[in-house]
Amino acid sequence: MLTPVRNPNGSWSFKSRWNKWLSGGGSAFSTVSIQSFFLFSFFLCYSQPTLILAFIRLAMRSLPLLVFLLFIVIVCTSVSPSPRSPRATQEQMKELMEDGGRRRFKAHNGWYLTEDTLLFFHHFLFTTIYSKEKQGWAIERMNDNEIVIRGHSGEYIQHSWGFFNAELAPRAQEWEMLTPVKNPNGSWSFKSRWNKWLSGRGTVSFEPHNGECEQWWLEPW
């Protein structure tokens with residue numbers, strides 16, 4: 001919303017509800033350095049939703065900031081989706097569900113998907129050759145084509161809002177839904193509804209392509 005004001009010289013000015021005036025003086029990004037731009041872009045892509053909402057409220061008070069925010073959103077979301085992958089057959093889904101779906105997930109380097117606790121309250125994911133008792137997972141079938149993966153704490157692997165992050169969530173909802181894919185070499189891959197693959201590439205994350213690091217060897221436990 002803008003309030004129009006007729007100036008004595010016949011021109012017009014426009015004031016927002018936050019007492020800021022629409023201006024054409026200088027570049028919208030004249031005070032933003034290239035270094036600050038990239039640092040802020042990285043931070044915005046991986047920050048939490050509450051922080052981004054706070055920035056949106058701030059940006060609404062300034063047209064240059066609003067333009068800058070829209071540009072960052074385009075940069076962060078312009079990721080080409082991976083090609084459609086074949087869904088697991090009914091026989092393959094039955095294979096996953098054997099023994100109640102109890103599995104260990106071995107990554108390409110021989111390390112296992114592990115859930116542990118940070119500071120006694122926050123559960124997080126990583127891969128390691130240790131902590132065998134924390135490497136037990138349960139695959140739960142949600143519908144004909146999708147599953148969820150539940151850890152020993154009762155929380156589920158989640159493709160989090162941060163695009164590439166893998167986290168744990170207390171409930172199985174849209175972000176926790178995964179499509180299992182049986183690879184030709186016998187390993188399994190798991191794709192989220194946002195076309196990202198569960199990956200053991202160092203840290204546990206979701207990556208755009210199904211490569212070596214995104215293929216898991218399932219073992220009973």
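This is a predicted model: local features need pLDDT of at least 70, side-chain atom pairs count only at pLDDT 80 or more; totals for chains, interfaces and linings use all residues.

Me: OK, W12 then. Buried, exposed or in between?

Reply: In between: W12 has a relative accessible area of 48%, so it counts as partly exposed. The cut-off for exposed is over 50%.

Me: Which strand is W12 in, and what does it touch beyond its sequence neighbours?

Reply: W12 sits in strand β2, residues 12-16. Leaving aside neighbours within four places in sequence, its contacts are P4, V5, R6 and N7.

Me: What about T3, where is that?

Reply: T3 belongs to strand β1, which covers residues 2-6. Not counting residues up to four places away in sequence, T3 touches S13, F14 and K15.

Me: Which residues make up the nonpolar patch on the surface?

Reply: L2, W12, F14 and L22 form it, and together they have about 410 Å² of accessible area.

Me: Switching to the inside. How many residues are in the largest nonpolar core?

Reply: The largest nonpolar core has 21 residues, and I149, I157, F190 and L198 have the most contacts inside it. The elements giving two or more residues to this core are α4 (90-97), β6 (137-141), β7 (147-150), β9 (166-169) and β11 (188-192).

Me: Let's take I157. What does it touch?

Reply: Setting aside residues up to four places away in sequence, I157 touches L113, L125, W137, I149, E167, L168, E176, L198 and F206. Two of the core residues with the most contacts, I149 and L198, are among them.

Me: One last thing, R104. Is that buried or exposed?

Reply: R104 has a relative accessible area of 10%, so it counts as buried; the limit for that is under 20%. R104 lies in strand β3, residues 102-106.

Me: What does the R104 side chain make a polar contact with?

Reply: The side chain of Q135, at 2.5 Å. Beyond neighbours within four places in sequence, R104 is also in contact with other residues, including Y112, K132, W217 and E219.

Conventions: Residues are numbered from 1 along each chain as its sequence is written. Side-chain values use heavy atoms; hydrogens and water are left out. Helices (H or I, at least four residues) and strands (E, at least two) are DSSP runs, numbered from the N terminus. Contact means heavy atoms within 4.5 Å. Buried means under 20% relative accessible area, exposed over 50%, partly exposed in between (1.4 Å probe, protein chains only). Patches are made of residues with over 30% relative accessible area and no salt bridge: like charges are joined within 9 Å, nonpolar side chains (Val, Leu, Ile, Met, Phe, Trp, Tyr) within 5 Å. Accessible areas come from the Shrake-Rupley method with a 1.4 Å probe; for residues, only the protein chains shown count as cover. A salt bridge is a side-chain nitrogen of Lys or Arg within 4 Å of a carboxyl oxygen of Asp or Glu. A nonpolar core is a set of buried Ala, Val, Leu, Ile, Met, Phe, Trp, Tyr and Cys residues joined through side-chain atoms within 4.5 Å. A polar contact is a pair of N or O atoms within 3.5 Å; within protein, one must be able to donate a hydrogen and the other to accept it, and residues adjacent in sequence count only if both atoms are side-chain atoms.
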